[in-house]
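Hi,

Here is the structure I promised to pass on. Have a look at it first, and my notes on helix packing and cavities follow below.

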Amino acid sequence: MITVVGMGAGAPPGADVAAGAELVVGGRRHLDAVRLPEGAEQVVLGALAPALDTVAEYVAKERAVVVLASGDPGFFGIVRALAERFGAERLDVRPGVSSVAAAFARVGLPWDDAVVASAHGRELRTAVNVCRAHPKVAVLTGPGAGPAELGAALRAYPRVLVVASALGSAEERVERVTPAEAAVRDWGAAVSVVLCLDEARTLGPVRTVAGPPRPKAAGWALDEAEFAHRDSMITKFEVRALALARLGPRPGDLVWDVGAGSGSVAVECARLGAAVTAVEKTPDGAARVRANAAAHGADVRVVHGAAPTVLSDLDDPDAVFVGGGGRELPAIVAQCARRARRAVVVAMAALDRVPAVRRALLDAGLECDGVLLQSSRLAPLPGDVTRLAATNPVFLLWGVRPHSRTEGVTP
């Protein structure tokens, strides 16, 4: 068996946790904290592959191995690599308190409703977008993806960062800062976890000008009646259903809704876990998007301004929905298509704009497809009978970046 012992964030394990081991693997501070058996080989954990090769030599000879790890080694820890290499049946895992649990304990908050993202050896943008979309997030940090980088990416968002460093050690620090403050600090190399909190939603009841959120509607492609809109200027639910299917919004994504209007697409993407930026050029439209987002308890960043001009100030998106634009539509789609990592979906009522939009998607290297959506809804007539009432036809075009079909979000 390979014994895996979690250390550091909670009460320290006994000094004799390595008793009987012929090989002890762990970080320098963990090795220094235990009593090593006489004659045991020790490997200071740095690069993982050489350490696993040494473990393999001992396992092959049926010699006892102890691996020391931080907190709960099964939570974004070394248990995954050990199980993949040697099989879960060979592991005796003795978890400690995870750094995430310890960090929330330090600030007195429950974390059963928190989202956890890892930026350790992974793309920082995924963790950033999770922080943009959710009110309570724990981010496991890594080199080049620490509090400073996280703060710089979240300057425009109403968040508080709780930076928990060296948890469980004599050097432990827990500091509460704004994203702007975090961005200009040198945090060193000891950071383990950062809590990103929207305190208005995590520390008290929600208070908005639109009143408390309504109960969350089930499903998606919600009825138009679920949103405030002007003169039926809203993406109809049939169109929205296919648009959402092609956008594929998910946690860790950033989605733009350009020409947001009522914000129905933006709100639905946010409800599915994505971070969302809604771009709307009219003041009343921007206010309407904010009100709809608040009513559904969705976190949508609203940018008041005209596309394509304001798009240059935004972070590159994973997916884009374009629902407005007028004569500027081809130019808007062209910029969106150049910058989107995965997909662009465009809804149009005017036949004349379809060729130019299709060309903009193709010129950006996207694979283009589309449909003309024509639907008829059941409508009552006097005498307890029903007729079909046609909705206005809409062209829906989408472009998909070819490589994105095999890419996945790193867990």
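Let's start with helix α9 (residues 237-247) and helix α10 (residues 264-271), which pack at an angle of about 50 degrees with their axes 11 Å apart. Helices here are DSSP runs of H or I with at least four residues, numbered from the N terminus. The axes are lines fitted to C-alpha atoms over the stretch in contact, and angles run from 0 to 180 degrees between N-to-C directions. That makes α9 and α10 oblique to each other, the class left over once angles under 35 degrees count as roughly parallel, over 145 as roughly antiparallel and 65 to 115 as roughly perpendicular. The crossing of α9 past α10 is right-handed (the near helix is turned clockwise from the far one by less than a right angle).

Who touches whom? On the α9 side there are Arg-240, Leu-244 and Leu-247, and they meet Ser-264, Val-265, Glu-268 and Cys-269 of α10 (contact means heavy atoms within 4.5 Å). Sorted by class, that contact has four nonpolar, one polar and two charged residues. Ala, Val, Leu, Ile, Met, Phe, Trp, Tyr, Cys and Pro count as nonpolar, Asp, Glu, Lys and Arg as charged, and the others, Gly among them, as polar.

A quick word on the source: this is a predicted model, where local features need pLDDT of at least 70 and side-chain atom pairs pLDDT 80 or more, while totals for chains, interfaces and linings use all residues. Residues are numbered from 1 along each chain as its sequence is written, and side-chain values use heavy atoms, leaving out hydrogens and water.

Next, helix α2 (residues 48-60) packs with helix α3 (residues 79-86) at about 50 degrees, axes 11 Å apart. α2 passes α3 in a right-handed crossing. From α2 the contact takes in Leu-48, Leu-52, Asp-53, Val-55, Ala-56 and Val-59, and from α3 Ala-81, Leu-82, Arg-85 and Phe-86. Eight of these are nonpolar, none polar and two charged.

Now the holes. How many cavities of 30 Å³ or more are there? The count is three, a cavity being a set of points on a 1 Å grid over the protein atoms alone where a 1.4 Å probe fits but cannot get out. The largest cavity holds about 50 Å³, and its lining (residues with an atom within 4 Å of a point) has three nonpolar, four polar and two charged residues. Lys-236, Glu-238 and Val-239 are among them.

Cheers

Note on methods:
1 Å grid on protein atoms, 1.4 Å probe; cavity = no way out; pocket = protein on both sides within 12 Å on 5 of 7 lines; lining within 4 Å. Points joined across faces, edges and corners; volume = space filled by probe spheres on them. Helix = DSSP H or I, 4+ residues; strand = E, 2+ residues; numbered from the N terminus.
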